[in-house]
Structures are given as structure tokens and as C-alpha cells.
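Hi everyone, thanks for coming. Please have a look at the structure on the screen, and then I'll walk you through a few parts of it.

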Amino acid sequence: MSNLIVLGAQWGDEGKGKIVDLFSEHFDIVARYQGGHNAGHTVRIGNRKIILKLVPSGILRPRKRVVIGNGVVIDPAALIQELEALEAAGFKTRGRLFISHRAHVIFPFHPLLEGISEKRPGRVAIGTTSRGIGPCYEDKVARRGIRMAELLDRKVFRRLYQSLAEDKDTLRAAFALGDALDLEKVRAQYEEYAERLRPMVQDTARLLNTAIAAGQRVLFEGAQGTMLDIDHGTYPFVTSSNASAGGAATGTGVPPSRIGGVVGISKAYITRVGGGPFPTEAGEAAEEELRNRGSEYGAVTGRPRRCGWFDAPLLRYTAMINGFDTLVITKLDVLDHFAEIPVCVGYKLSGKLLKEMPATTDVLGRVEPVYRRLPGWRAPCAGVTSWRALPARARDYLRFLEEQTGVPIGAVSTGAERRQTIVVKGSRLEKLLRR
Ligand code: GDP
Ligand code: IMO
Ligand code: MG
């Protein structure tokens, strides 16, 4: 079975866009299964830089089809804008993008109401992307959300929209969040979006399962990362969907029995955007250097990313949750200049080594990372495309990460460009890609 999930093993921004773009060559369809336009997936092709938010990275390869699955939440305005930008850049989207009729729709009142949890005094702000992702998933789980299928049925849409929009306006007024939205205008706008998107909306579970039955290969593209997963991440400092491997099945309607492998993407160090505990967050000077060398600024919000050292206990945990067959280590080149590179090998609490990932942010916020300091290589990995050409100490560093995480490294990324990648010869990843 040759369908593969590629997802983030940390707190997002691991370089999923680059790797999915690279791997999509071997697949027929690329499918997104969760999240929304909170994601920012960067692909560099030559000198061109493309940032994808809702559209799967496979769109950049002319003969591939892409699917936005039922687990995704869609802001139609953001999607249409992204499609127009892609078309203007010369990437054809017509007839290649398919949207699930079961995907939920984001409305302008969703980002507005995010202010209830993010802006009010006394609340612990998560530091969200302010895209209305959480409030839209709230409506989904509360069984009052509006999906693409309902958006396309004008009569049904008007009825559902009326009651949802009135509820939201009541909340907006009660929490004194901004001016009233012109709800009639929003409705008319969404009716226009519906017509624009109609040709793309269908039963994508059926599309994917039919394609798989006919021998086509599907690559599942995760957004965010496992530590931002609503169930398995650092709750409540998480996003509102299942970014981990299980989400690929529920978020597309492809059964787990049709998925043959899981690839975890991890930086050679670690970053996070927004609030929440971060055991290996580096001291000011090192953080600054990682941020500058790695250009660690959010692809969606432009916020500076918090930076720290590779966290092996965290990786062991996300490997367990996802069942990684192999790891891809990205941004190795960012460490080229460091004389010494700390790697966290365990967490201590009150002097005792922990065996498990703490469930509460209170405990995770108090753990002390145990570091092993590895010698840096102080030689360029940047742009290297073969394992043998890597500096010996960089290879030692990677071997150490493999030992510590218990997952074989199948590929290493040494630059943002598509080709600046090493796929390890004879690796499990190579086999998973070929099948
Ligand atoms: P994603 O959300 O997981 O797709 O990751 P982002 O695109 O948000 O962030 C990753 C950033 O690192 C992007 O700017 C990429 O162009 C860049 N990048 C990816 N791989 C490498 C690499 O190996 N080296 C360097 N220097 N940059 C990389
Ligand atoms: P990609 O796919 C990094 C973070 C936000 C915030 C938390 C909740 O590019 O890796 P949300 O708006 O989702 O409700 O915010 O999750 N977050 C991300 N961090 N990369 C992302 O996506 C993220 N998407 C959301 O910063 O801490
Ligand atoms: Mg990103």
C-alpha cells in the first residue's frame, strides 16, 4: 500500500511544504486533511518562493490533482485569493483542485469572536493566527456549523446562516467585540463565493477511494504539527484539529487500512509560534542566532518564531503518537556556524527523569531539559545533496538524533530550494517513495 502521510513532528513550520512538494513527484493526488489558512507552507523553486495556505503543495506540479478534505476549515475569500495568486503566477488550478462537500466554512464572525478568548483581560491568550480557525471548529463540534454542501444549496444556506449569524451577533454585542457586521452583505458575498467554488466541490472521500482502488497514489499533507494537535499536543496551547496521523483518515474519509506509511518532518532544532511551554527554548543570544540564520518568522503572521534546541523526548513522543516509519530532518544548514550544539535527551522534574510526556502545561513548563552538547561542524552543509558530502560531525549529529529518537532518518534538507535535499540511499523512505 503506497499512500503516505507527511506531517510535522514538532510545533509546526518544520518544512512540510518543501518536502511535500518534493515527494509529490511520486504521487497522483496530494490531500490536506485538517487546519485551514492558519498554515503557511513555503516552497522554493529556483528563485521563486510560493507560500501555500489552504491549497495542498501538490498544486505546483502540473499533472497532479489536489484535494481539500472534509477535516479542513475553509475561508472562501482566502481560498479564492490563493487560487487567483496561483493562477497569476502561472500555476493552473482549474480542474485540478477538489474540495470536500463536507468541509466546514469560516465566516467573518469567526475571527471576530476569536477575540473572546484572545483579547479579553484575564484570559490566557493562545497566540492564535486570528484566522477564526478555533471558532469554526467549535461550531462544527457543536453541530451548528455550515459546510460546503450547505453553502451550495441556497435555500438551506439562507436558513442555517440566519440562525448562526444571529447567534454570533448576540455574542459579539455581549462581549463588546467591535461593530456589528453587515450580516446581509456577508450572506450575499458568500452566495457569490458559492458560485465561484461550486465546480470544485464534490464528494472527495469518494474521489480519493476510487482513485486508490484504481491504483493511484495519495500523499496526505499535514498542517501544523503533532504538538499542536488538539488531543495529543500541549493543550490548551494547540490548534483546534488533529494534526497527527490519525487525522489523515478522519479528515479525508480514506480508511487507515489504505494508508501505508507515515513520514515525520522535524527541524534539526525546534521552533514554536504563539504561547505555551517550550522546554528547550534557547537563551536570548542563541535564539537570536537561530532565528536570523533560519529566517524564523511566521509565514502567515510574520511573527518571530521562538527558537530552541532539538528535543529528543518530544520527538520520541510524537514518533509514538504517529508511528513514524522515517524522519526527514530539515534546516541542517542553519546549524553550520555553531561551535557546540545542545540536544535535549531527557526531561527532569524534581531531579527525576520523566518517562512520559507531561499532559499539563504546568508540568511541562517546569521540566528541566537534560542536554548533551555535541560538537558543531563549522563547515557548510548548505546545499549539500549527498550523505557522503556532509561534514563528518554533521553526520554524527544526525546519527545521534536517530539513536535518541529511535526513528531512522530517510532524508535531510540542506536548504529551502526543492533540490537541496538528500534522500538517504537504501533507506526505508526511498522504498516508501518508490512503491
Ligand atoms: P511548513 O509550515 O512546515 O511548510 O514550514 P514553513 O514554510 O512555515 O517554514 C519553513 C521555512 O524554512 C520556509 O521558509 C522554507 O523555505 C525554509 N526551509 C525549508 N527547508 C529548509 C532547509 O533545509 N534549510 C533552510 N535554510 N531553509 C529551509
Ligand atoms: P504550519 O502548517 C506554526 C499555532 C499558532 C497558535 C496555535 C493556535 O505552517 O506548520 P490557530 O490559529 O491554529 O488557532 O492557533 O497554533 N499555529 C501554527 N504554528 N505553524 C502553523 O502551521 C500553525 N498553525 C497554527 O501560532 O500558537
Ligand atoms: Mg508554516
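Let me start with a question: which element gives the most to the lining of the second largest pocket? It is S3, with 4 residues. Before going on, a word on the source: this is a predicted model, where local features need pLDDT of at least 70 and side-chain atom pairs count only at pLDDT 80 or more, while totals for chains, interfaces and linings use all residues. Residues are numbered from 1 along each chain as its sequence is written, chains are lettered from A and ligands numbered from 1 in the order in which they are written, and side-chain values use heavy atoms, with hydrogens and water left out.

Back to our pocket. A pocket here is an open set of points on a 1 Å grid over the protein atoms alone, with protein on both sides within 12 Å along at least five of seven lines, and lining residues have an atom within 4 Å of a point. The volume of this one is about 670 Å³, counted as the space filled by probe spheres set on the points, which are joined across faces, edges and corners. Of its 32 lining residues, those closest to the centre are Thr 42, Gly 294, Ser 295, Lys 331 and Ala 416. Helix H1 (16–23), strand S3 (41–45), strand S4 (48–52) and helix H11 (284–294) each give two or more residues to the lining. Helices (H or I, at least four residues) and strands (E, at least two) are DSSP runs, numbered from the N terminus.

Now for a sheet. Its 3 strands run in the order S16-S15-S17, open and with antiparallel pairing; strands pair if DSSP finds at least two bridges between them. S16 (352–353) and S17 (368–375) are at the edges with a single partner strand each, so one side of each has no neighbour in the sheet. Strand S15 (residues 340–349) pairs with S17 over 8 bridges, and Val 343 stands opposite Arg 372 in S17. Helix H14 (residues 392–405) packs on this sheet and touches S15 and S17, where contact means heavy atoms within 4.5 Å. The direction of H14 makes about 15° with that of S15; axes are lines fitted to C-alpha atoms, for helices over the stretch in contact, with angles from 0 to 180 degrees between N-to-C directions.

Last, the domains, whose bounds come from an automatic or database domain assignment. Domain 1 covers 4–101 + 203–434, and domain 2 covers 104–199. Their contact takes 30 residues from domain 1 and 22 residues from domain 2.

Methods:
1 Å grid on protein atoms, 1.4 Å probe; cavity = no way out; pocket = protein on both sides within 12 Å on 5 of 7 lines; lining within 4 Å.
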